[in-house]
Structures are given as structure tokens and as C-alpha cells.
Amino acid sequence: MSTKHLDKIVALCKRKGFVFPNSEIYGGLKASYDYGPLGVELKKSISEIWWNSMTRLYSNIVGLDSSIMVHPDVWEASGHIANFNDPLTDNKDSKKRYRVDDLLAQQKTKVIDSLCEILSIKNNNDNETIDNISQFLLKNSNEWKSALSEAGVIDPFSGNVGNWTEVTQFNLMFQTNAGPSEKTGKSIFLRPETAQGIYINYLLVQNSMRLKVPFGIAQIGKAFRNEIIARNFIFRTREFEQMEMQYFVKPSEDNEAMKFWKKERMDFFSTKLGIDDKNLRFHEHSEDNLAHYAKAAFDIEYNFPFGWGEIEGIHNRTDFDLKQHEKHSGKNLTYFDPIENEKYHPYIIETSTGLNRLFLMVLCEFYHEDTNNNRTVLKLPFDLAPNKLVICPLLKKDGLPEKSNEVFNKLSKEYRCIYDEQGSIGKRYYRQDEAGTPFGITVDHETLENNSVTIRERDTMQQHRVEINKISEFINDKKN
Ligand code: GAP
């Protein structure tokens, strides 16, 4: 898949009502998108599949919906105020600002080679080397003020070697004020992850549901990050949705739980969302690259048209968060283990994925150009498809629309259906192929005689004659 594919997917999203650029009539707001009629359905399907597989398949995992705005001390305790930063540099000539890792990812190999040599950093020719350089420059900015210019780092805007400033840090949290006036109001942050809402509620959840370790708390909700570089369509945006599950375990059982969740989560993508194994891989974070809270971390990556990108993080957060919240709130956050008759802070294994990234992954995975038939098909699995059936009268006369409405009313109780009577039947089918609708049902004159319809399959284009009373049976049999 090439980046051209991404352009085609972006165009399809707008054309078919999956994703629209935000505030388009005002010239747009960078990195903000709105989800159209088909987009909301696809997003709902993905989050429902995640929610059901997380909360229904495990008797010891329950749900939560915590607030986006929390007490400001939460972010002090979690370390986000001190550590949730991106390294930045400005080109004093062009006045353009860049995130250092992003800038370096756009440089030729010889520039990275030269930087590694200047800074004595081991060069593995990978993204981790780039992260290591950015972190090193952030920590030692004073000493290595001119390293970027010395190594010949090009400004993509001007095409020339930049006159780079020292690397500085930029906090990614959005800040606002709560209360009637900016002066008296308290500073509040929009949450950059949903996880902390779970940690500060974990004992309330545990007590109310009488849970025993190990247990998990799952949550889906919006998160906000003031990303400096937002690119690749909905891959990285400033407002996005996370689907996180925090699993509380005995401290000595963290490695076992980590192993378990790594396998469960990878299986989720292939078995529940139908993603091809060859497009999925693990990436383990080296010790130098671990987040401030993590003892071990694995990303699950997907092979996007622009390269491999993280879709989920699986982290061993140890007892870091609970101990931090205990310290900052002054409240005891230990769990009492009735079996062992002991108190401890559970370790937390976190699985954290982004709904919008999964949305993009699904579109990339199932976008298909059928050159033999001159059509574009979104081969979405049945459970993901925004509409499952399109009901079409062959003609707009002879009582066929009325009969089609009857069929619509019957089937829409079971499946999300749409009705379409505009244009030739071939055109109507092709329109729905692009929208990912798995089955087309045509009501014709024969229907009026014997109550049967034609069902056309999206992927094979095969057509079958089926009695109206047997449509559900047929669909349920074929959908998998
Ligand atoms: N609580 C842990 C945490 O937030 P993370 O690796 O920063 O970990 C988890 O984020 C997931 O959230 C990522 O794998 C990605 O799918 C999604 N995500 C993070 N930043 C995002 C952004 N700016 N836009 C869209 N999705 C994002």
C-alpha cells in the first residue's frame, strides 16, 4: 500500500460520509475531523466490539465512565505536568517550529549518521534511534545547542540547513479555567489519557462490585493532546478517543499478566476485527525509551500506507500511579487481599488503544480496488459495516417501492438497512460497495408474484433468489 492509497481513502471518507474535515466552511481547523453518518456507525461498531470483548468475555472486568476534567493535582501526581512533553526546535531563519523526532524522521540517512556520530549515540537506523537522539538533545540542550545545524538538518519548509534553536520541551496538555473568571478560576487540564480517571476511582469500583484482585476496569472516552505535528489524516489528532483497560494484579503476578494481555490483545485484532496477521507486529520499547511510569512496554503496530504505526500500547505501570495518587491525595489506596490477609498496592497492566486509529486501520485494511470490475469495494466484515443491507426497488413504479418499504420495515428490526431507489440498479450496488454494505436486496416484479427477492453479495457480486421469509436465515448463514 502506498501513501497514494491514503489520499484515496481520505477522498472516499469525505465522498461517502465517513469523515469530514472540521470547520471546512471557515477554511478548516488543522488536525480536527468530524465523523459523518457512516463514520459514526463504523466508530460505534468498533467501540462496541472492543467493549463487548473486554467487559463481557471476562467476569472480572467492569466498566467506568469518568470525567474528562479532574482535580488538577491528578496531573501533578501522574507526572504529566513534569513529563508529558515533546522536544521542539525552531528554525530562526524560516521561523518554522518542529517536533524534533518528526523533523529527524524526514532527514536523509547521512544526516542521522552524522548526528549519531556527533552525539555518540548508537545508530540502529530505526525510529528508536531517532527517539534516543530527541530525548538526548532535550536532556542536554545547553551542551549541544548547535548539534542539529552542525549535522546539516534540513528544514522541510525552506529546503536549506536550518539555523536551529536549542531543543526545548513543550507540554502536550490543554489547559483551561474552571469557574466564572480567569483570575479566580482554578486551572484545569483536559485529560490526555483516560487511565487516571480509573486509578482515582479504583477502590470505589472495587468495593462497589466486590471485586478481588486480579480485576480490570475498562473505559472508552475522549482524550486531548496539543500535538505539534498532527498528520496522516486521523492517525494523530488533538482530540481523540481512547479505549483503555487497567488490570489490577498482585505485584508478583505482573509478568504473567503482561504475557496474557499481550496475546489477548493481538488476537483481538485478528479474530475480532479481521486484520491480516501480516499487517500486525509487536514493538518492544527499550529501557531508554520507556514512559516515566512503565517497567515494560509493547506497542502493537499496524502496517499503514505511510509505514508501521502504533495502534495500541500494553504497559506494565507497576504500582507507580497508585502510590503517586496516595502520596498527593494523602488517602490510603492499598487493596486488602482477604485470601492472603495482606494489604498492598496492586500492579497495573494497561492496554490502551485509540478508537480513531483503529478506524483508520480498518479502512486501510479493507479498502480494495477491483480493477476487473472497475469498482472500489470496502470489504468490511459484516459486524463492522455501517449498513448491513441496502433495499432497492428495481423500478420506482408498479408498487415496487411500497413492497420494498415492507421489506425494509421487516429487516430493519434486525439489521441496520438503508433504502435506495435512485439511479440504475448497477450504480446503486456500486455506491454501496464503496460504503462497505455487504448485501444488496432488490425487489422486482417477481417479488410481487412469489415473495422472493434477489440478494447480491458485495465481495463476490454473486446473486441469489431468496424468499422474503428466509432472508435473515440466508444473511446469518453468509455473513461470516
Ligand atoms: N494511558 C496510556 C496512553 O495513553 P499512549 O501510547 O500515549 O498511552 C495509547 O496512547 C493509544 O492512544 C495509542 O496507541 C493510540 O492508538 C492512541 N493515541 C495516542 N495519541 C493519539 C493522538 N494524538 N491521536 C489519535 N490517537 C492517539
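In this predicted model, Pro 214 sits in the loop that runs between helix H10 (202-208) and strand S9 (215-224), and the peptide bond that joins Val 213 to Pro 214 is cis, with an omega of about 5 degrees. Arg 210 is found in the loop between H10 and S9 as well, and although Arg 210 is not a glycine, its phi is positive, at about 50 degrees.

**Shell around the ligand**

- The ligand is surrounded by 22 residues, and the closest of these are Glu 193, Glu 227, Glu 244, Glu 310 and Glu 350.
- Sorted by class, this shell is made up of ten charged, seven polar and five nonpolar residues.
- Strand S10 (239-249), strand S13 (307-318) and strand S16 (347-354) each contribute at least two residues to the shell around the ligand, and S13, with six residues, gives the most.

**Polar contacts and cover of the ligand**

- An N or O atom in the side chain of Glu 310 is 2.6 Å from an oxygen atom of the ligand, while an N or O atom in the side chain of Glu 350 is 2.8 Å from a nitrogen atom of the ligand.
- For Glu 312 the backbone is involved, with an N or O atom of that backbone lying 3.5 Å from an oxygen atom of the ligand.
- Of the 560 Å² of accessible area that the ligand has on its own, the protein covers 93%.

**Second largest pocket**

- The volume of the second largest pocket is about 680 Å³, and its lining consists of 26 residues, of which Pro 381, Phe 382, Asp 383, Leu 384 and Lys 479 lie nearest the centre.
- Helix H2 (37-56) and helix H11 (254-272) are the elements that give two or more residues to the lining of this pocket, and H2 gives the most, with six residues.
- By class, twelve charged, eight nonpolar and six polar residues form the lining of the second largest pocket.

How values were computed:
Residues are numbered from 1 along each chain as its sequence is written. This is a predicted model: local features need pLDDT of at least 70, side-chain atom pairs count only at pLDDT 80 or more; totals for chains, interfaces and linings use all residues. Side-chain values use heavy atoms; hydrogens and water are left out. A residue is near a molecule or strand if one of its heavy atoms lies within 4 Å of it. A polar contact is a pair of N or O atoms within 3.5 Å; within protein, one must be able to donate a hydrogen and the other to accept it, and residues adjacent in sequence count only if both atoms are side-chain atoms. Accessible areas come from the Shrake-Rupley method with a 1.4 Å probe; for residues, only the protein chains shown count as cover. Helices (H or I, at least four residues) and strands (E, at least two) are DSSP runs, numbered from the N terminus. Ala, Val, Leu, Ile, Met, Phe, Trp, Tyr, Cys and Pro count as nonpolar, Asp, Glu, Lys and Arg as charged, and the others, Gly among them, as polar. On a 1 Å grid over the protein atoms alone, a cavity is a set of points where a 1.4 Å probe fits but cannot get out, and a pocket is an open set with protein on both sides within 12 Å along at least five of seven lines; lining residues have an atom within 4 Å of a point. Grid points are joined across faces, edges and corners, and a volume is the space filled by probe spheres set on the points.
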